[in-house]
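Below is a briefing on one model, arranged by topic. Please read it alongside the sequence and coordinates.

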Amino acid sequence: MNPLFLLSILIFLPLVGAALLLIFDERNADAMRFWSLGVTLLTFIFSVVLWCQYNPAEGMLVADVCEWIPSWNIYYRLGVDGISLPLVVLTGLVSTLAMAASWSITKHVRGYLILFLMLESGMMGVFLSLDFFLFYVFWEVMLLPMYFLIGVWGGPRKEYAAIKFFLYTLAGSVLMLIAMLMFYFASGSQADSFNLLALAQKASQGGLMSPGTQITAFLLLFIGFAIKLPAFPVHTWLPDAHVEAPTPISMILAGVLLKMGGYGIIRIAFPLCPYGAQYCAWGLVAIGVVSIIYGAFAALAQTDFKRLVAYSSVSHMGYVLLGLAIWKINETTGETMNSDYWQMGLNGAMFQMIAHGISSTGMFFMVGVVYDRVHHRDLNKFGGLMGLMPLYSGLAAGLFFAGLGLPGLCGFIGEVFVVISTWSFSPMLAVLSAAGVILTAGYILWAMQRVYLGAEYRGPHPEALTPSNGRENAVAAILLGIAIVLGVYPAVLFDVMEPSIKAMATAAAEGYRHSHAEAQAAAGQAQAALNR
Amino acid sequence: MVGETLRNLLLIAWLLPLCGFAVEIFGGFWGSRRSRVAAWLAVGCIATGFVCSASALTIWGNANGWSVLHHAEHHADETAADGHVAHDSVTPPAPETLAAADAHADAAAKPAAEPDAQKPQDSSAAATTAHNDSADHDHQHTAASPAARTVYSGTFYRLATFGSLELSLDYYIDSLTLVMFTMVTFIATCIHLFAIGYMSEELTEEYVDHHAHLRNGHHVHRPGRFYRFFAFLSLFCFSMLGLVLAGNIFQVFIFWELVGICSFLLIGFYTERKSASTAANKAFIMNRVGDFGFLIGLMVVWTYFGTFKFADTVDVDGHVVQAGLFHMLPRAADGNVIINPENGEVQIGAAAANPGNTHKTIPYYLLVVAGLGVFAGCIGKSAQFPLQTWLPDAMEGPTPVSALVHSATMVAAGVYLTGRFYPMFVQEVLLTIAYIGCITAFVAATIAIVATDIKKVLAYSTISQLGYMMLGLGVFGWGAGLFHLVTHAFFKSLMFLCSGSVIYGCHHEQEMPKMGGLWRKMPITAFTMLVGVMAIAGLAVPGLVGPGFGQLFAFSGFHSKDAVVATALAYVQANPAHFLLFILPLITAGITAFYMFRLWFYTFAGTPRDHHVYDHCHESPLIMTGPLLVLSVLAAYCAWGGEQGSLYLLITGDQPAYVSHGIPAVAGALTMPGHDAVHAVHHQAGTYALIAAFSGTFLAWLLYGSGKVDVAEIKRQLGGVHGFLANKWHFDELYDALFMRPTHVVGRFCASIDRLIFDAILHGSAAATVLVAKWDRAFDEKVVDGLVNLLGNATWSAGNSLKVLQTGRLRQYVMFIVAGVVALFGVLLATFPR
């Protein structure tokens, strides 16, 4: 299929589907749900078509460019490569499964479905845009439906959570906007000033920004993306948003939205300001390690089931940041050292994003299944679910083990690849990050013990604990199946990602070398001036 | 060709249990709770696995003409000094081996008559089997004795490639792998059969769990879970065999974790019991503590060596593409690791052949870190001090699990890995291993003395024996440690099954004080247990343990423990400072005999102490006693011939080259005893060990068998010591205070930081924003609006005050006009210039 058509349809199909929801009879909720499920499923199928059509060896698959606001050099520019493709497919998958999990939503069904589909459009747009402005627009487009989905369909403190989520993300986007303008003017307001590929190309030749400006721009971008990731210490919106959001929205939030932070870093921050990225690498790795350990400790202390899973997300996304940033250079020559290990870290981080998208989505769904039945999430008031809902408990155990990082399931590969490639960057931080495995086992097993094991259920509404139905089993089984495939044969993902990541890393290393030389020269001149 | 056959056979043995698991877990869930199909399926899978493994062992042996067994006849001729002694093998070496040998072997070491023509044949064979990245190749492990040592390795499939770094699933087949495969599948088959009887109570729609209580005091009623038990057992077998077959250390780690989770599932099999699920968590988390060390070891290895593979990667032409870990550490001819004296770094051998490797040297201390890290994993898995406390708790699982997972195979995986990774261990690491093993053996044995739960005694004895194995490996007894692993697997699984038979017969009574005199009720169990006890105690008839018929009077444990103790003695003679490494194991040998016979006398001999238990007790059915009888034969005689016997020779067939000759000390370092040094003290050490064992046995008989001594009185006299031991040296309390509680405190601290600091800052800034907005509003309302309003008001009130003038009466207006005109004139006249 024509790339422009295929990529555009991924973005706009959900939007069209949302518009067509208006012709449905409002009282017929199931018809609308099936329609929306069909739309998300079709979008997912198109994303799989894209996966099949994409050839990893060819690098970026760029669609034809259309003018959008030519006077400001803004174009409708889409493309996909090994970095974004897995995330696009993940978005399609998680949206479909979250839609299948949306049967429990009974309030204002039409409004919910329309916002849901708009959200999917926004997410697809973020992963497919190659124009910075377009990216920014989609970034914001995705924000609003999310705000309403949490704020209207959420739990008791939904307004608080929704506003917190909105303001946090908006604060990040403002910083991103500033950075965007910096790039626009630094590149001379030319035709390619919002073109991410062209900007990256320029940056890799050291011609985009001076080293000092790069650091500023990188920090602005990084803060925006770190909020989304979320990294310590700007993570506190996440537990609240997750706890208050309805189950399907939690799935989307954990499965896709958090990935945008990592995606932004690897797609925009690293290629556009390589010097800044390398300059901040140690700090990034440290933040990643702190997120891992801190999130795990905080998860251990939670009594709310969903909050625990939310903190586990903080911990798991720490591995992403860690893996991305283990970029070590030779201080004198500016050459990248141990580049294979850095690439392993980058690949591991990307894999971890997908793996977390599967396992965390599954975990939130599993929490939602019991919440729908007993309407509470207090870990101390569960127990004995293994006897009452055996199939559900078995599937849940599998998904929680995936989150725990058990070999043979997806979580293991990402975590362990990142961790073992970290020693070449900093042994101390590597050891700290490895300590996370103990804590992860601790909080997940302890939670499982309190919920699934034990002699009997100790909370309210014991009569509601009926075995899971076919729809619930199907969602969980699909996620678990993918977790197993990715865990047993990770090459299926690495083969797609590796060439694109390698290209990115090589270009960034090249860009760093140029900027490093520039910085050295400037320092030399300053020194000479001082000597005179 | 041979390599391919071996690979396929072991692949079947490895993967069949996985298929079995999938069928059993789903079939059982939707099938009848009364069906035994799952069990027979599991038995079928693992028994087929055993047949495959045994065939593989036979094929492997035939391929190299069983040269490892003939090795023994030349043992005495071998001299420690010369590493390249060639000895004439009676059987002509098989073509496969020879051709493979060409790749590496020292040509001088080979018989001149070797037919070189075989080489192309093998190359073509290799070429046909090489598909992309799954090249199967055979090569010689070392040049020391070319005819005997053959290792087959290759790749199953690739996990990921990053530049020149590659991770894959590999296999590594040598004599140790094959012995382990055969042993594991055989014992597992016996235990599966036993479990069919033991778990038969689960074959019901309504199983009553007498150990799990509801809040109202009733027992838990639940559907039976027969199928689930066998499914988990199958999954465990798959993981364990994968661990043994693994061709790289990363793959070992993968299956390492998988056996851990199977152990978790099986310990917590009775999910309704709080104690069971807690024990399962404890086991997994303590193992993860060890795995944390394992990960650190992996990181160092990965960063500096750039590969995880044990063996070299060879392309179709026989060129080494990438050196394996086992060939990267440069060792001098005497076996010492070569260190650059200037910077303390070690040259990484074959670095040129390792393109992904940016490091050409590794600091020596990092070698120690890597070794200790990997060994930390072994500490966790093999329940060594200081991570030993999970294993006794793991006895919460059904007894067949204790027999298979927590004594014979999984916990021995730590020992296996220590043996497998031996070439990477430098002597500081070996010394640590020796001391850890030594301390573990002693501590666990002392606790076993006072334990009263029949399974707990066996659990502590397992820990203690694992300590022996570690000690053996640590004092350079590579063969001795692994020899003890295999013999222990047989007699310990036998004893656990016997205890299972007792527990089954006594209707889930595990406390020995309530037993006694059971031999009359269950003679087969009592007899087979006695065989196991004699084996572990290391008893033999003095003077009759020579070769041939005399072997009848020496059970397997005697031989293997003898080997360990003898190596320890040789080590201590060479390094007198470490005398504890011989003294403590010797004392422990006595204690072992004591507590094992205590167990036997307590349970089977004497008079019944609890008549309720005794009266209802019965011998187990044939499906349980059958495996006991089979295992008892092997427990007694699997080590036939001792260190000249075929088991020992098979295990050591592919031992690291430098092991048999020992390593002489360089400046300030330790001496590692070779076979000759061990051989010299063998008789002496054996005598000591036998004396210790007999004293322990005698003491046990005196206290528990003779009925002449009041044990309760002794217990009262030694109350302090007894309490200390009964509380397991207070390790649980210590760890609780040191780690558990602080972790929870830190957890709560982190959670409260989020609430009290980050959210407080956020809420503070939100409040500040609201405050600023309020000021803003006040300014708008008070100042800006005030001014505007003031102006407006002034205008309005001015107008208002003027409105009284507008009355509409004409006369008044005329009067205003007149007054105005008069006033104007007045002003005009007053100001007009005169």
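Which residues of α21(B) are buried? They are B:Met624, B:Thr625, B:Pro627, B:Leu628, B:Leu631, B:Ser632, B:Leu634, B:Ala635 and B:Ala636, where buried means that 20 or more other C-beta atoms lie within 10 Å of the residue's own C-beta atom, exposed means 12 or fewer, partly exposed is in between, and C-beta atoms are placed from the backbone. This is a predicted model, in which local features need pLDDT of at least 70, side-chain atom pairs count only at pLDDT 80 or more, and totals for chains, interfaces and linings use all residues. Residues are numbered from 1 along each chain as its sequence is written, while chains are lettered from A and ligands numbered from 1 in the order in which they are written.

**Confidence**

- The model has an ipTM of 0.92 and a pTM of 0.88.
- Chain A has a mean pLDDT (the predictor's confidence in each residue, from 0 to 100) of 89, with 100% of its residues at 70 or above.
- Chain B averages 81, and 87% of its residues score 70 or more.
- In chain B the lowest mean, 37, belongs to helix α5 (residues 118-129), and the highest, 92, to helix α8 (residues 249-267).

**Layout of chain B**

- Three domains are assigned in chain B: domain 1 (1-63 + 153-425), domain 2 (426-726) and domain 3 (734-817). The bounds come from an automatic or database domain assignment.
- Between the C-alpha centres of domain 1 and domain 3 of chain B the distance is 68 Å.
- Chain B contains 27 helices and nine strands, and 54% of its 834 residues are buried.
- Of the contacts in chain B with a separation of 6 or more, 75% join residues 24 or more positions apart.

**Nonpolar core**

- The largest nonpolar core holds 482 residues, and A:Ala269, A:Leu399 and B:Ile187 touch the most other members. Such a core is a set of buried Ala, Val, Leu, Ile, Met, Phe, Trp, Tyr and Cys residues joined through C-beta atoms within 7 Å.
- Helix α9 (residues 274-305) of chain B contributes the most to this core, with 19 residues.
- The core lies between domain 1 (1-63 + 153-425) and domain 2 (426-726) of chain B, because both give residues to it.
- Leaving out residues up to four places away in sequence, A:Ala269 touches A:Phe218, A:Leu221, A:Phe222, A:Phe225, A:Gly264 and A:Ala277.

**Contact between the chains**

- Chain A puts 43 residues into the contact and chain B puts in 49.
- On the side of chain A that touches chain B, the elements giving two or more residues include α12 (281-300), α14 (339-374) and α20 (491-531) of chain A.
- The largest share of that side comes from α18(A), with 11 residues.
- By class, the side of chain A that touches chain B has 28 nonpolar, 12 polar and three charged residues. Ala, Val, Leu, Ile, Met, Phe, Trp, Tyr, Cys and Pro count as nonpolar, Asp, Glu, Lys and Arg as charged, and the others, Gly among them, as polar.

**Helices of chain B**

- Helix α21 (residues 622-637) of chain B has 16 residues and spans 22 Å between its first and last C-alpha, close to the 22 Å expected at 1.5 Å a residue. The expected span is 1.5 Å times one less than the number of residues.
- The buried residues of α21(B) pack against α6 (175-198), α16 (478-505), α17 (523-537) and α18 (556-574) of chain B.
- Helix α19 (residues 580-604) of chain B, with 25 residues, reaches 35 Å, close to the expected 36 Å.
- In α19(B), 21 of the 25 residues are buried, and just after this helix B:Gly606 has a positive phi of about 70°.
- In α15(B), 21 of 21 residues are buried, and B:Phe476, which follows this helix, has a positive phi near 75°.

**A:Met142**

- A:Met142 is in helix α5 (residues 132-153) of chain A and counts as buried because it has 24 C-beta neighbours inside 10 Å.
- The C-alpha atoms of A:Met142 and A:Leu119 are 5.1 Å apart, although the two are 23 residues apart in sequence.

Notes. Helix = DSSP H or I, 4+ residues; strand = E, 2+ residues; numbered from the N terminus. Contact = placed C-beta atoms within 7 Å.
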